[in-house]
Amino acid sequence: MLLTNSFIYSSLRIRCDGETRWLRRKDLIDTLYAELPPGAVKFGFQLESIKFDPYSSKPVLRFIDGSSIVAKVVIGCDGGKSIIAQFLGLKPTKIFPLCAVRGLTYYPNGHSYDYEFAKVMKDNISVGRVTIDDNLVYWFCFLPYIPKDEKVWEDPEVTRQLTLELLSNHPQEIHQEIHELIENADMKSLSITHMRYRAPWDLLTGSFCKGTVMVSGDAMHVMGPFLAQGGAAGIEDAVVLARIMAQLDLNSVESGSKVMAHKVEESFNQFVKQRRMRVVRLSLQTYIIGMLSGTPSFIKKVIYIMLLVVLFPNPYNHVNYDCGDL
Ligand SMILES: Cc1cc2nc3c(=O)[nH]c(=O)nc-3n(C[C@H](O)[C@H](O)[C@H](O)COP(=O)(O)OP(=O)(O)OC[C@H]3O[C@@H](n4cnc5c(N)ncnc54)[C@H](O)[C@@H]3O)c2cc1C
């Protein structure tokens with residue numbers, strides 16, 4: 001599905017080049033899952049810790065139910081609060097002064113929105129909507145994060161009401177539209193997320209693998225949603241890693257052997273080499289946009305805008321990136 005991008009800042013509407021694709025996370029997970037052999041995935045195991053076995057040097061994963069696994073290879077995709085990243089000695093992820101409220105609104109008889117990505121920003125509060133199909137609309141609000149309200153936000157109904165209140169200063173036309181979307185949202189789809197990021201300078205220097213353990217996806221490079229590239233970068237990671245592993249012909253060596261461990265290490269090192277600068281650039285651009293959105297200070301806003309203009313003269317350059325074939 002091809003959508004156009006429309007960013008509306010105050011009354012200024014900016015169209016940009018490029019393509020936007022939206023998909024439901026569940027559809028992506030179901031599609032990937034369907035390709036795996038039965039029994040390949042075990043659900044409901046929460047990782048507690050990981051360490052190397054002192055004799056075999058293999059990674060040992062310990063779960064909160066007391067069970068453990070001696071793994072041949074660990075690729076940690078355990079998100080922005082990754083335990084594997086912690087084990088690798090990466091610095092803790094940081095938090096933006098913003099949170100995101102998101103939801104899906106279903107229109108059984110169809111909606112009247114264009115196929116577009118529309119976004120508006122006022123008083124450091126951004127709201128946006130995206131048409132997913134003829135019946136479904138995704139919407140989001142980026143709001144200033146207020147820590148003392150953490151417990152209050154756990155109730156979806158309260159989240160909905162507070163979000164509506166925070167948006168009351170938006171122009172009438174936009175307020176009416178988003179009000180309708182939020183009022184009719186599927187309560188099960190409503191979520192609030194405090195946005196995390198791995199600092200771009202930590203990405204520049206971090207060690208993302210050790211022996212047969214590595215991180216990818218958000219565990220490696222969690223970034224804010226301001227460029228909408230975090231998940232896309234995770235998919236790029238998967239393509240690049242799979243290609244490197246295939247080129248090193250991992251299938252030709254005995255599973256669990258020292259030769260395999262050596263080849264896996266080699267593939268992880270190559271992966272980090274290929275991915276580092278791509279995720280540094282994405283994260284840096286996202287970081288500056290996030291800080292620009294979150295700061296009330298006029299001076300800081302000017303500095304962030306200048307940094308964006310100097311470092312990213314073409315703000316959509318990141319979409320022209322090709323991570324190569326699988
Ligand atoms: C508001 C918002 C909007 C976004 N919009 C976009 C967008 O438009 N486009 C885009 O490309 N990206 C977007 N992203 C980013 C995208 O959601 C993430 O980059 C993506 O989900 C990362 O996938 P992941 O699999 O690496 O990590 P996650 O999606 O975080 O998955 C990690 C998994 O590991 C599991 N896990 C965590 N800890 C443990 C543990 N200890 N034991 C066992 N399991 C564990 C979790 O339960 C989860 O299932 C957005 C993010 C946010 C917050």
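Guide: The centres of domain 1 and domain 2, taken over C-alpha atoms, are 27 Å apart. Keep in mind that this is a predicted model. On the contact itself, domain 1 puts in eleven residues, and domain 2 puts in 18 residues.

Now look at how the chain is divided. Domain 1 covers 3–25 + 95–196. Domain 2 covers 71–93 + 199–320. Each domain is therefore written as two stretches of the chain.

How much area do domain 1 and domain 2 bury between them? The figure is about 1300 Å². Carbon and sulfur atoms account for 69% of it. Three residues stand out on the side of domain 1: F96, N124 and R196. Together they supply 47% of the area that domain 1 buries against domain 2.

Next, the polar side of the story. Which charged links cross the interface? The rule finds zero salt bridges between domain 1 and domain 2. Polar contact is counted for one residue pair, with both residues at pLDDT 80 or more.

Which elements of domain 1 touch domain 2 with two or more residues? They are β2 (12–20), β7 (94–106) and β11 (191–197). β7 has the largest share, with three residues. Sort this side of domain 1 by class, and you find eight nonpolar residues, one polar residue and two charged residues.

Salt bridges do turn up in the structure: it holds twelve. One is formed by the side chains of D133 and R24, at 4.0 Å from N to O. D133 lies in the loop between β9 (125–131) and β10 (136–144). R24 lies in the loop between β2 and α1 (25–34). The pair therefore ties together parts that are 109 residues apart in sequence.

Now a sheet. Three strands form an open sheet in the order β6-β13-β12, and the pairing is mixed. β6 (74–76) and β12 (209–210) stand at the edges. Each has a single partner strand, so one side of each has no neighbour in the sheet. β6 and β13 (residues 213–215) run parallel and are joined by three bridges. Within this pair, V74 has V213 as its bridge partner.

Last, a hairpin. β3 (residues 47–52) and β4 (residues 59–63) run antiparallel, with five bridges between them. F52 stands opposite P59 in β4. Six residues lie between the two strands of this hairpin. Look there for S57, which takes a positive phi near 65°.

Terms used: Residues are numbered from 1 along each chain as its sequence is written. This is a predicted model: local features need pLDDT of at least 70, side-chain atom pairs count only at pLDDT 80 or more; totals for chains, interfaces and linings use all residues. Side-chain values use heavy atoms; hydrogens and water are left out. Contact means heavy atoms within 4.5 Å. Buried area is the accessible area (1.4 Å probe) that two parts lose on being put together, summed over both. A polar contact is a pair of N or O atoms within 3.5 Å; within protein, one must be able to donate a hydrogen and the other to accept it, and residues adjacent in sequence count only if both atoms are side-chain atoms. Helices (H or I, at least four residues) and strands (E, at least two) are DSSP runs, numbered from the N terminus. Ala, Val, Leu, Ile, Met, Phe, Trp, Tyr, Cys and Pro count as nonpolar, Asp, Glu, Lys and Arg as charged, and the others, Gly among them, as polar. Two strands pair if DSSP finds at least two bridges between them.
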